[in-house]
Amino acid sequence: MSSLAKLQAAKSLDDLAAILGYKPAALAYLLYHLPDAQKYTAFTIPKRNGNPRPILAPTPKLKLLQRRLANVLYLALADIDKAGAPRRPLSHGFAKHLSIVTNAAVHRRQRYVLNLDLKDFFPSINFGRVRGMFIKDKRFGLDPKVATLIAQIACHDHVLPQGSPCSPVISNIVGHLLDIRLVRFAKAQKCTYSRYADDITFSTNAKALPAEVAVPIPGSEHDWTLGAALLKEIDKAGFEVNPAKTRMQYRGSRQVTTGLLVNEKPNIRPEYYRTVRAMCWSLFNSGTYYRMVPAALAGGKPGDPDVQEPATSLAPLQGTLGHVYHVRDQVDTRSSVDKKKEATATRKLYIRFLFYRHFVVAPKPLIIPEGKTDSVYLRAAMEKLAAYHPQLGAMDKGKFKPALKFMNFSSTVHDVLQIGNGAGDLLHFIRKYPDALKHYRHRPLPNPIIVLIDNDDGAKDIFSVAKNFGAPNISRTSTDPFHRLAANLYLIKTPEIGAKGTSCIEDSFDPALLKTVIDGKVFDPNKKHGEPGKYGKARFAEKVVQPQKDTIDFSKFTSLLDRIVAALDDYAANPPPP
């Protein structure tokens, strides 16, 4: 049964609790017995003009419930989309596969681009609107009791709070009526319409913008006011416009929608990219950078020029550079292979930043295994052998705190740094590492970077490269605990087994554990997709190692952990020259 069908069939708190993965008593406690003071944490963040923006962050128990509700509602919307005829999306915010890029793309190469902003978007959606929408909207048609429960989970002080995981998806559902009204209105006026959260855009190639949409303010060269017909449609849908944020942009001048240029194609503003690039070069050369902050946030007056402020973290720059990269990557229509072969300047800059962050200024020793599952094994082994290897981590208040990090093989790391898909990626990484370090004038290298590989056939090419980087005797049967290949780059292979030395990390588990049967399937670390009767490393890590880590014998991992400790000791005793 689909998520939508389950919601439509639900008639009680017990039914909704089952859909959300809760016991009825637990859901009732969160809704009716948890004190209000334990539901939300209130704080403010400054807007660009310096005014405070109130945020209500749900506490962990309520946040988990709201996140589960949000996931169910997103799945229900997907069910609705599948059942209907394909259509152009109208709302691009808080939706999978949609973004500010898709929102901006529909308004490129237009004579007029009109932007307007909805006032108090989340707070304008109250309890009654949420409940009524789930009952009356034909797409949902939920039982009144279930609709009431959903509104109780989602609302605080009778409105959608800014900070709740389910406010975005519910605002989109409630805003659907607005979208339907305005797209019909736009069509009648020969305009194109789209919405991204509370940002609305109309555009047209007509010689004159219809007065029903907007008209210029007499005596003003660039200021426009929205037409009465448009305001009426927005008001009927239960929203209000913030007139201070209405702006008209003409062909021949800069046209911006949701922060992106749309004159020719969605793109980052040139001065924005130049600023980001300058920040990166400052970081690579000196280890510091300055970010531009709105004057009102730095003690100045609204409207004053932005001011420079020293940054204390790499996170703001990573967020800004990541935004630039993802926007330009989406409008680059080449294949992923071609993008990597002929990297753009933006991609090269992002590669350099991520290399700097992960390897040049690594805050802890970093282990880069062949894939995600190796990290699961090693983290569990370090936790259970913490007394044996205190350099690797320690227990703190009942939880294991590693003294080192494992490479997070995120989609960005896969795409940009091109590591995480086995020994082939690590070969490419090792080969380029020494030259990549030369791009940075500031390279403190506070910690070692340890590449960990299986000592099997896949390591053959890595051995060939390693021999050129200071490991002339490396082979399948060599027993050196580690090989230092560059200033802070180490290579470790799994301990040798038998006369040929061949081994993989799974050899450190008890053979009986490797024979665990799941759903009638046996474990095969070399499993290829689609092989019947077998399951692979990911499932072994998730379904066998993680649940049983307290009873698994990890003693055979000591030889591998010894090698990691030896590399840490070597780096502490022989740091690279400044």
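**View 1. K534 and D524 form a salt bridge in this predicted model.** Their side chains meet at 3.3 Å, N to O. K534 sits in strand β21, residues 534-535, while D524 belongs to the loop between β20 (522-523) and β21, so the pair ties together parts that are ten residues apart in sequence. The two partners can also be described by their accessibility. K534 is partly exposed, with 29% relative accessibility. D524 is buried, at 14%. Buried here means under 20% relative accessible area, so the 14% of D524 qualifies.

**View 2. Salt bridges with shared partners link E383, K384, K549 and D550.** These residues form one network. Side chains of opposite charge can pair when their charged atoms come close.

**View 3. E383 is placed in helix α15.** This helix covers residues 372-384. Is E383 buried or exposed? E383 counts as buried, because its relative accessibility is 18% and the limit for buried is under 20%. Which residues does E383 touch, leaving aside neighbours within four places in sequence? The contacts are M395, F400 and K549.

**View 4. R195 and D179 meet in a salt bridge.** The N to O distance between these side chains is 2.9 Å. R195 lies in strand β4 (residues 192-196) and D179 in helix α9 (residues 176-188), so a strand and a helix are tied together across 16 residues of sequence. R195 is buried, with a relative accessible area of 0%. D179 is buried too, with a value of 3%.

**View 5. D570 pairs with R484.** The side chains of D570 and R484 form a salt bridge of 3.3 Å, N to O. Helix α21 (residues 558-573) holds D570, and strand β18 (residues 483-484) holds R484, so the bridge connects parts that are 86 residues apart in sequence. D570 is buried, with a relative accessible area of 18%. R484 is partly exposed, at 24%.

**View 6. The structure as a whole holds 23 salt bridges.** Among them are the pair R195 and D179, the pair D570 and R484, and the pair K534 and D524.

Technical notes:
Residues are numbered from 1 along each chain as its sequence is written. This is a predicted model: local features need pLDDT of at least 70, side-chain atom pairs count only at pLDDT 80 or more; totals for chains, interfaces and linings use all residues. Side-chain values use heavy atoms; hydrogens and water are left out. Helices (H or I, at least four residues) and strands (E, at least two) are DSSP runs, numbered from the N terminus. Buried means under 20% relative accessible area, exposed over 50%, partly exposed in between (1.4 Å probe, protein chains only). Contact means heavy atoms within 4.5 Å. A salt bridge is a side-chain nitrogen of Lys or Arg within 4 Å of a carboxyl oxygen of Asp or Glu.
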